[in-house]
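Here are my comments on the model you sent. Please read them with the structure open.

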Amino acid sequence: GSIGRLLKMQDESINYDQIDEIFENIESLDMIDVWKNSDVLYQSKENITHLLEYINIILFEKLKQTNNLHYSNCISYVEQTKSRLSSNANFDMCIDNLLLKVWEEFHE
């Protein structure tokens, strides 16, 4: 019913806030912090497409603000992850790869 939907929306709001925290600060976080804070991605198999699309929105907004092409590359990593997941690749490995590639984009 309505209360169930409200609780689900509240949980989703928390998930989006956690994703904001990770990807808004990806340039300043070390890899261990990224992995520690990324549980939301690993635990959201049924909503992962929505979360990946939200990550692209964050990255696109950062690209518009900064004109930093690293964000454009990160958007392509997210799209590659979506493609891999749709072809039934290992879920955890896809998320690991995404986080590592995005982090490396700003730290190497």
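1. A polar contact, as used here, is a pair of N or O atoms within 3.5 Å; within protein, one must be able to donate a hydrogen and the other to accept it. Keep in mind that this is a predicted model.

2. Start with the cap on helix H5. Asn68 caps the N-terminal end of H5. A side-chain oxygen of Asn68 lies 2.9 Å from the backbone nitrogen of His70.

3. H5 covers residues 69-86, 18 residues in total. From first C-alpha to last, H5 reaches 26 Å, close to the 26 Å expected at 1.5 Å a residue. Just after H5, Asn88 takes a positive phi of about 65°.

4. Which residues of H5 are buried? They are Tyr71, Cys74, Ile75, Tyr77, Val78, Thr81 and Leu85. These residues cover an arc of only 160° around the axis, which puts them on the same side of H5. On the other side of H5, Leu69 and Ser86 are exposed. The cover over the buried residues of H5 includes helix H4 (48-66) and H6.

5. Now H6. Asn90 caps the N-terminal end of H6, with a side-chain oxygen 3.1 Å from the backbone nitrogen of Asp92. The 17 residues of H6 should span 24 Å at 1.5 Å a residue. The end C-alpha atoms of H6 are 24 Å apart, which agrees.

6. The buried residues of H6 are Phe91, Cys94, Ile95, Leu98, Leu99, Val102, Trp103, Glu105 and Phe106. Seen down the axis of H6, they fall within an arc of 155°, so they line one face of the helix.

7. Look at Glu105, which sits in H6 (residues 91-107). Glu105 is buried yet has no salt bridge. How far away is the nearest side chain of opposite charge? That side chain is Lys101, at 8.1 Å. For a salt bridge, a side-chain nitrogen of Lys or Arg must be within 4 Å of a carboxyl oxygen of Asp or Glu.

8. What does Glu105 touch, not counting residues up to four places away in sequence? The answer is His70, Asn73, Cys74 and Tyr77. The side chains of Glu105 and Asn73 are joined by a polar contact of 2.8 Å.

9. Finally, check Val34 in helix H2 (residues 31-36). Val34 is buried, with a relative accessible area of 0%. Leaving aside neighbours within four places in sequence, Val34 is in contact with Ile22, Ile26, Leu29, Leu99 and Trp103. Val34 and Ile22 are 12 residues apart in sequence, and 6.4 Å apart in space, C-alpha to C-alpha.

Note on methods. Residues are numbered from 1 along each chain as its sequence is written. This is a predicted model: local features need pLDDT of at least 70, side-chain atom pairs count only at pLDDT 80 or more; totals for chains, interfaces and linings use all residues. Side-chain values use heavy atoms; hydrogens and water are left out. Helices (H or I, at least four residues) and strands (E, at least two) are DSSP runs, numbered from the N terminus. Buried means under 20% relative accessible area, exposed over 50%, partly exposed in between (1.4 Å probe, protein chains only). Lys and Arg count as positive and Asp and Glu as negative; His and the chain ends are not counted. Contact means heavy atoms within 4.5 Å. The expected span of a helix is 1.5 Å times one less than its number of residues. The arc is that of the directions from the helix axis to the C-beta atoms.
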